[in-house]
Amino acid sequence: MAVERKAAKDANKVYKPGECMKHMTIEMHPVLLESWYCADVAREAAASGVKVRASSAICDPSLVLWTRTVPPTLTNNDGMMELSAPRMPCERALYVQRLDDAAPLVAARSLADSARQARALAGCPLTLVLYGVKDYFKKSGRKTVNSSNKIISEKDLEEAITDVLVSAACDTVRADTPNELALTIVRFTKAVAETPYKKARRAVDERAEFYMRGDNKKCVAVDKDGNGLGRLWQQMLAVLPMASLESSRALCARYRSPLALFETLLAPGGVAAVADVGVTRAAAPGSKARRIGPEFARKLELLFTATDGSTLID
């Protein structure tokens, strides 16, 4: 059982935010990885704990793929037990193109066809990354050979991007510097790495009748060592009808946990004992004290001991 628990813990680390990046590998064709506009990819990836691997097996040099290192598990293959592959491909890809290279496709209105073909080669959803858009349309004070060679306008590009989104179901992002391109790839890496964890969490949230993670008003943080449990217990009492900050402090001082209050309310004369708990009105010396009172004590008894979930506490 200890071995199984350790295996389950190691498997969770592969998908857990904060740990998942260590198990990710960016797969790039050597031609793309060695290009000048990808010069910062290795540095930024290493800073995020991600590995970069040159793979000549990628069919299109412009594709960026991801694999995740997973613990090997035993699988049944036609009656033969074998270990699963140590790397699992991720269902996402990038297609990096310089706008200078993509401009003829934009002019020919075939950028969407190119993106569709790239998506078919990748076998997963694709995002088109256009590099150097700002430099391509940069206006210069003097006429040069490059300025007269522009075959598309900004309007043509926007129409082509819209066509790619609608026709090829591919979104588009832009990058104008090598560092910006590297950070874009790292951001996508993080999103891909955390996707399984977020999907699993969303599946749990959708089973509830309300969005529990969004209902976080007046929450109290409790760490793994239990620090904050006292404040949480006080907050639980303070939000009840007829409760106040002073009364919740008085109850927490007498009953250190919900279990202690529950056991008191179950005992004979427990309601009277809770009603007699003194409450200091203010921290000033000489201030008069009052009691919790029988009405609030009765409500607490009903809250803690009722067996019918539809019982109203008014």
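This is a predicted model: local features need pLDDT of at least 70, side-chain atom pairs count only at pLDDT 80 or more; totals for chains, interfaces and linings use all residues.
V279 counts as buried, because its relative accessibility is 0%; buried here means under 20% relative accessible area, exposed means over 50%, and partly exposed lies in between, using a 1.4 Å probe and protein chains only. The residue belongs to strand β10, residues 278-280. Helices (H or I, at least four residues) and strands (E, at least two) are DSSP runs, numbered from the N terminus.

Residues are numbered from 1 along each chain as its sequence is written, and side-chain values use heavy atoms, with hydrogens and water left out.

Strand β10 also contains G278. With 45% relative accessibility, G278 counts as partly exposed. Beyond its neighbours within four places in sequence, G278 is in contact (heavy atoms within 4.5 Å) with A250, R290 and R291. For R290, the C-alpha distance to G278 is 5.6 Å, at a sequence separation of 12 residues.

Let me turn to the chain as a whole. The protein chain has 14 helices and 11 strands. It has 314 residues, of which 32% count as buried. Among its contacts with a separation of 6 or more, 66% are between residues 24 or more positions apart.

Which residues touch the most other members of the largest nonpolar core? They are L99, L111, L126, L130, F137, I152 and L157, in a core of 27 residues. A nonpolar core is a set of buried Ala, Val, Leu, Ile, Met, Phe, Trp, Tyr and Cys residues joined through side-chain atoms within 4.5 Å. At least two residues of this core come from each of β7 (93-98), α4 (99-107), α5 (111-122), β8 (126-131), α6 (133-136) and α8 (154-167). The most is given by α5, with five residues. Apart from this core lies another, of 26 residues, and its members include I26, M28, A45 and A193.

L130, setting aside neighbours within four places in sequence, is in contact with Q97, A102, L157, I161, T172, V173, R174 and A175. I152 sits in the loop between α7 (145-148) and α8, and it counts as buried at 6% relative accessibility. On the same terms of sequence separation, beyond four places, I152 is in contact with L99, A103, V106, A107, Y136 and F137. The C-alpha atoms of I152 and A103 are separated by 6.5 Å, although the two residues are 49 apart along the chain.

I now come to helix α9, residues 178-205. Why does its length agree with expectation? Its 28 residues should span 40 Å at 1.5 Å a residue, and the end C-alpha atoms are 39 Å apart, so the two values agree. The expected span is 1.5 Å times one less than the number of residues. Helix α9 bends by about 45° at T195, and a proline, P196, follows within four residues. The bend is the angle between axes fitted to the seven residues ending at a residue and the seven starting there. Buried residues of α9 include L181, I185, F188, V192 and D205.

A pair of helices deserves attention as well. Helix α12 (residues 258-266) and helix α14 (residues 294-305) pack at about 105°, and their axes are 10 Å apart. Axes are lines fitted to C-alpha atoms, for helices over the stretch in contact, and angles run from 0 to 180 degrees between N-to-C directions. The two helices are therefore roughly perpendicular, a term that covers 65 to 115 degrees. From α12, the contact uses P258, L261, F262, L265 and L266; from α14, it uses A297, L300, E301, F304 and T305. T305 is partly exposed, with a relative accessible area of 28%. The C-alpha atoms of T305 and L266 are 7.6 Å apart, across 39 residues of sequence.

Finally, two loop residues. R109, in the loop between α4 and α5, has a positive phi of about 60° although it is not a glycine. It counts as exposed, at 63% relative accessibility. A169, in the loop between α8 and β9 (171-175), has a positive phi near 55° and is likewise not a glycine. A169 is partly exposed, with a relative accessible area of 48%.

Technical notes
Angles under 35 degrees count as roughly parallel, over 145 as roughly antiparallel, 65 to 115 as roughly perpendicular and the rest as oblique.
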